[in-house]
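These are my notebook entries on one protein model. I record what I looked up, entry by entry.

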Amino acid sequence: MYKNIEKQMKLQLKDLVEYQEHQVVSKTLVQNEAVSMTLFSFDQDEEISTHAAGGDAMVTVLEGTGRFTVGGQVFILKEGETLVMPKDIPHAVYGVEPFKMQLVVSF
């Protein structure tokens with residue numbers, strides 16, 4: 001079920017994905033019909049444009065600050081903060097500063 005991650009080892013999720021200049025980087029940890037779990041790093045001013053997910057999407061910021069626009073409402077999240085973006089509601093993600101997040105989508 002899990003891939004790209006060590007098992008039976010203490011980890012810092014934010015250390016599993018690196019920043020790249022002028023890019024959004026993703027690393028998939030789980031992908032199946034029930035759930036997906038992905039780590040992302042965003043360089044400052046990089047974004048994922050407006051889209052909708054086929055399941056409820058929960059993001060937790062692991063480092064830095066990100067801006068999440070969900071159904072037209074803006075949320076600024078910092079390290080340790082979590083937001084659930086409901087299924088089929090358009091949302092976008094923007095790097096206010098370089099930041100890392102964990103995304104869990106349940107279908």
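Predicted model: local features only at pLDDT ≥ 70, side-chain atom pairs only at ≥ 80, totals over all residues.

**Entry 1: Overall build**

I looked up the secondary structure and found nine strands and zero helices. Read from the N terminus, the order of elements is β-β-β-β-β-β-β-β-β. I then turned to the dimensions. Along the principal axes, the C-alpha atoms fill a box of roughly 40 × 30 × 20 Å. The radius of gyration is 13 Å, which agrees with the value near 13 Å for a compact globule of 107 residues.

**Entry 2: Surface and interior**

I asked what share of the 107 residues is buried. The share is 37%. The protein exposes about 6,200 Å², and carbon and sulfur atoms supply 48% of this area.

V74, I76 and V96 make one of about 240 Å². Of these residues I examined I76, which belongs to strand 6 (residues 73-78). Its relative accessible area is 46%; I76 therefore counts as partly exposed, since that class lies between 20% and 50%.

**Entry 3: Aromatic rings**

I searched for aromatic pairs, and the count came to three. One of them joins F40 and F42, with 6.1 Å centre to centre and 40° between the planes, and is classed as tilted. Both of these residues are buried. Another joins F42 and F99: this pair is stacked, with 4.7 Å centre to centre and 15° between the planes.

Where in the chain do F42 and F99 lie? F42 is in strand 2 (residues 35-42) and F99 is in strand 9 (residues 99-106), so the pair links distant parts of the chain, 57 residues apart. I checked the accessibility of each partner. F42 has a relative accessible area of 0% and is buried. F99 is buried as well, with a value of 0%. Finally, I recorded that F40, F42, F68 and F99 form one aromatic cluster.

**Entry 4: Charged side chains**

Side chains of opposite charge can pair when their charged atoms come close.

**Entry 5: A serine in strand 2**

My last entry concerns S36, which is found in strand 2. Its relative accessibility is 7%, and S36 counts as buried because that value is under 20%. Which residues does S36 touch, not counting those up to four places away in sequence? I listed V30, Q31, L103, V104, V105 and F107.

Note on methods
Residues numbered from 1 in each chain as written. Heavy atoms only, no water. Patch = residues over 30% accessible without salt bridge, like charges linked within 9 Å, V, L, I, M, F, W, Y side chains within 5 Å. Areas by Shrake-Rupley, 256 points an atom, 1.4 Å probe, with all protein chains shown as cover. Salt bridge = Lys/Arg side-chain N within 4 Å of Asp/Glu carboxyl O. Helix = DSSP H or I, 4+ residues; strand = E, 2+ residues; numbered from the N terminus. Buried < 20%, exposed > 50% of the residue type's maximum accessible area, 1.4 Å probe, protein only. Rg over C-alpha atoms; globule rule 2.2 N^0.38 Å. Phe/Tyr/Trp six-rings, centres within 6.5 Å; stacked < 30°, edge-to-face > 60°. Contact = heavy atoms within 4.5 Å.
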